[in-house]
Amino acid sequence: MHVQTYAPMFMLFVAATAIATLFFTLATVLGPSKPSAEKSLPFECGSDSDGAQHVRLSVKFYLTAILFVVFDIESVFVYPWAIQFRSLGWMGLASMMGFLLVILVGLVYAWKKGALEWET
Amino acid sequence: MMPSILALMPMLVIGFGALALMLAEVLTDAKTGLAVGTAVVLFTAAAFACAGWMVGPENLGDAAVFAPWLVFDRFTLFFEVLLALSGALAALVAGGYLREHGIDRGEFYAILSFSTLGAMMLAAAGDVLMLFVGLETMSIGAYALAGFRRGSPKSAEGALKYFLLGSFAAALMMFGFALLYGATGHTDLAGLHNALASESLRSPSIVIALALVLAGLAFKVSAVPFHMWTPDAYEGAPTPATAFMAASVKAGGFAVLLRVLLTVFGDERSASWATGWPPVVALLAVLTMTVANLVAGRQESIKRMLAYSSIAHAGYLLVGVVAAIRAPAQAQSAVLFYLATYSVSTIGAFAALVLCGSRGAEVVSYEDLAGLGRRHPAVALPFAFFILSLAGMPPMAGFFGKWFVFKAAMDAGLHGLTVIAFINSVIAAYYYLKVFVFLYMREPAAGAPIAKPMWSGEVVTAIALCAFFVLLLGLAPGAVLDAALAVGGAG
Amino acid sequence: MIPVEHYIALSSILFTIGGIGFLARRNMILLLVSIEVMLNAVNLALVAFNRARPETHAGQMLSFFLIAAEAAELAIGLAIVLAVYRLKKTVRVDDANLLRH
């Protein structure tokens, strides 16, 4: 267990930079680039693709996704608390209730702001 | 239990106050009271921090239960008062500005309060964990404020650059701290200091970590060459948000810079001129002052000029930070005093700028200021007043701020650095005086759009308070200077 | 047991890839992804170092908070990118040039 021996790490720093740069350059310099109409078509398991290339997604999806990510990730704190529920005792419970209260205020805020409305 | 609650009170007040502001915004239709409500919350927090100062952190013995996460010393309390006041003043300016410009959406005040809370946590952080949480709370709020004018491409672009570079900087800094954790096994700042001081760790990872942390912090205080986001974010943001970023976010950045450099990297080897960070920070200071002052003179936009001016002020502050290696107490208190003078001057300047224009007739460039001194002396005078303070003219606050920092640098034997800083403050006079030329000696070109002043009780209150503090710090700096010295003495 | 150096090497490589991606890429979404890669490299380093020093949980705790703050940061970042996209109909940072002087 030699945490202090970092020499290989720095070599890797250098190597990673060099390799990444090398590949970027090689790909652009050496890569044969002969685009044709056929090649530029998106490949969809052999069947002809149709429709617009960029499907317009409703902005509602982004909003919901952002809200989901934020509230979902908060569970990262709840899980270790649940594992240690007994040993943390009343202080742990009180802290977690305080945390959930703050989350709840956020939820009420998002709700009242209309961020959870799908049909508007 | 009581004293420990008192130590925590400023943060509790702001945290719960901000939650209440959020609920008040959506559950009631109290639109107009939010700015004043925010100011009341933040002034209350400042009052509690003052109370904590009076009692004395040494009597807040129970506050040690928050160790090592939060440290409640005089350093923390000084920044709590400063940040709460800056936040309150910015909120008052926002009250008038947002209404006038038709972007009166209540979330501004909650975000501003949370961001202030983050800056306080940053100043109080005694552990990398709290440091990071505070930094993110402050920065995420600041990104949102910078992009607050959703319909404006400039605002969105400024926010984008600020966000991308800010999170990149945070990632650099955290990798630095992760390396330090790997080398020492500590995430608390005091533990890191002891480990770096006692074990003769000569691992190159410490140097890499120092460089990464320093780069991350330099981004946050917008030191050259990490300043690219500053002019864009400052110009694009609504003016009260710019004032907040220039004062509170910068103060938070310097709080953590001082704490990290003087605590974690305060050991003899890291803080020595030959083997540590001082020459690097000195180079940053020289670059920051010189580049910012030279570029500021070439700006057409007033807000960009003020943005470069704020970068230049960061340069002077960095001179003070370097001086802290030889005269820690004196230089640190000089930096704190400078931050106080700079905060009130810059918020005052932005507040006066808000008052100079109205919707559709904002002051954007120097040209818009032409003849304002003759047409509307009542709004031109405050702007001129705060510009004088930023320029460092006696008897304004800005003069004494510079005076103490330069004196500390001289006493620390940094003669070259002091001379460069002095020359820079002379160069800076050029673009500050240009404001006066346009205000009082030019007439607008025929047919050019002219700025029409607005009226707002909140903005006028903010300006009056800023002017009071500028004169107080300029004519009677004793009380605040003693406070700053008490911080240095204790720390 | 895999030695800690291997984790740190992986973390350094990830961090470098993220950093290069951030500097080389011009698509805003990919810049966000690069930042996430860098922060997750930090997480990996913290957890690996913690495994080497099992007497405390400092590194693991820090990485929990990092994950949560990352999510909040990503949310605000996506919102900002979306605002830029709506106004300019592009996700390339080169096209964000209004403020250049």
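Helices are DSSP runs of H or I with at least four residues, strands are E runs with at least two, and both are numbered from the N terminus. What you're looking at is a predicted model, where local features need pLDDT of at least 70, side-chain atom pairs count only at pLDDT 80 or more, and totals for chains, interfaces and linings use all residues. Residues are numbered from 1 along each chain as its sequence is written, and chains are lettered from A in the order in which they are written.

**Exercise 1.** Work out which pattern chain A follows along the sequence.

*Solution.* Start by counting: chain A has five helices and zero strands. Then read along the sequence, and you get α-α-α-α-α.

**Exercise 2.** Decide whether B:Ile206 is buried or exposed.

*Solution.* First, find B:Ile206 in helix α8 of chain B, residues 204-220. Next, take the rule: with C-beta atoms placed from the backbone, 20 or more others within 10 Å of a residue's own make it buried, 12 or fewer make it exposed, and anything in between is partly exposed. B:Ile206 has 21 C-beta neighbours inside 10 Å, so it counts as buried.

**Exercise 3.** Describe the side of chain C that touches chain B.

*Solution.* Begin with the contacts (C-beta atoms, placed from the backbone, within 7 Å): 33 residues of chain C meet 32 residues of chain B. Now look at the helices: α1 (4-24), α2 (28-52) and α3 (58-88) of chain C each supply at least two residues of that side. The largest share, 17 residues, comes from α3(C).

How values were computed. Contact = placed C-beta atoms within 7 Å. Nonpolar A, V, L, I, M, F, W, Y, C, P; charged D, E, K, R; others polar.
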